[in-house]
Amino acid sequence: MKPKDLTYPFSFKDRRLLVENDVFYIPNYLSEYGEFDPQLPLDHPRVFIEFCSGNGEWIIQKALEHPNIQFFAVEKLFLRVQKIYSKRENLGIKNLFIVSGDINLLLEHFLPTNSVDTLAINFPDPWPKERHSKNRLFHKNFVAHVQRILKKRGAVFLVTDDTHFSAWVSQAMEGEFTLLKEDLKIPLENYGSSFFQRLWESKGKEIYYHHYAKRDLCST
Ligand SMILES: C[S@@+](CC[C@H](N)C(=O)[O-])C[C@H]1O[C@@H](n2cnc3c(N)ncnc32)[C@H](O)[C@@H]1O
């Protein structure tokens, strides 16, 4: 199939929460999000979520490499969801569930406490201008949700090309998480590669690899 073969399942007027073909659609601007149970496949020994999946290149590779892990890709741009979906279908991948919607709505309403083993975020938009900083991920509320959804031995991987965003994340994660590597410029072993990673590397940009453990791991 081609990406455009996946069509958005409703018009803006008829928008609603919907799970269809292992895609959870979370439209913006609904008056109510709380009542719906999407029955996410979280009842699995190993749950791995990627936020900001883009065209899905990175997570598709991971899902192929680790058939015993249940993966989730979360992406708000439908044009990119179409690309993830078509890759998943064409490769016959069964362990990747897609969320078509905003991470913050997913976190706020649908991801239970202690449900995720690993969270990865590759090249989230850094919103470099100070006046746009409210759009950045890793505000206090976001970090609190990440702490909440992760299981006891939970890990977070964050990769970025932006020096200031890297520092922003380091500051936001302090206290709640333990940084497991000192030198952020050393790549993570067997980490894989995404579209934006290759783009920034081809332009000679430095990449920062963060690897965190949920704090309770270290206090036991
Ligand atoms: C710079 S791209 C990186 C894509 C991919 N991870 C990669 O490395 O190639 C950032 C992606 O995050 C998505 N994104 C940004 N904010 C989001 C949000 N609040 N919820 C879901 N996706 C989001 C954007 O639509 C975009 O596809």
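Q: What should I know before reading any values?
A: This is a predicted model, where local features need pLDDT of at least 70, side-chain atom pairs count only at pLDDT 80 or more, and totals for chains, interfaces and linings use all residues. Residues are numbered from 1 along each chain as its sequence is written, and side-chain values use heavy atoms, with hydrogens and water left out.

Q: OK, the sheet then. How many strands form it, and in what order?
A: Nine strands form an open sheet, ordered 1-2-5-4-3-6-7-9-8, with mixed pairing. Helices (H or I, at least four residues) and strands (E, at least two) are DSSP runs, numbered from the N terminus, and two strands pair if DSSP finds at least two bridges between them.

Q: Which are the edge strands?
A: Strand 1 (18-20) and strand 8, each of which pairs on one side only. From one strand to the next, the twist averages 20°.

Q: And how do strands 3 and 4 run, parallel or antiparallel?
A: Strand 3 (residues 47-51) and strand 4 (residues 70-75) run parallel, joined by five bridges. I49 stands opposite F72, and E50 stands opposite A73.

Q: Is strand 4 buried or exposed?
A: Six of the six residues of strand 4 are buried, so the strand is largely enclosed by the rest of the structure. Buried means under 20% relative accessible area, exposed over 50%, and partly exposed in between (1.4 Å probe, protein chains only).

Q: Which way do its residues point?
A: Q70, F72 and V74 point one way from strand 4, while F71, A73 and E75 point the other way. In a regular strand, side chains alternate between the two faces of the sheet.

Q: Switching to helix 5. Which residues are buried there?
A: In helix 5 (residues 163-173), the buried ones are F165, S166, V169 and M173. Seen down the helix axis they fall within an arc of 105°, so they line one face of helix 5. The arc is that of the directions from the helix axis to the C-beta atoms.

Q: What sits on the face turned away from that?
A: The exposed residues H164 and Q171.

Q: And what covers the buried residues?
A: The cover includes helix 4 (140-149), strand 7 (150-160), strand 8 (177-179) and strand 9 (208-214). Take S166, which counts as buried because its relative accessibility is 4%. Leaving aside neighbours within four places in sequence, S166 is in contact (heavy atoms within 4.5 Å) with T160, L184, Y208 and H210.

Q: What's at the ends of helix 5?
A: D162 caps the N-terminal end, with a side-chain oxygen 3.1 Å from the backbone nitrogen of H164. Helix 5 is followed by G175, whose phi is positive, near 95°.

Q: Last topic, the ligand. How many residues surround it?
A: 16 residues, the closest being C52, E75, R80, N122 and S194. A residue is near a molecule or strand if one of its heavy atoms lies within 4 Å of it.

Definitions and conventions
Polar contact = N/O pair within 3.5 Å; in protein donor to acceptor, adjacent residues only side chain to side chain. Axes fitted to C-alpha atoms, helices over the stretch in contact; angles between N-to-C directions.
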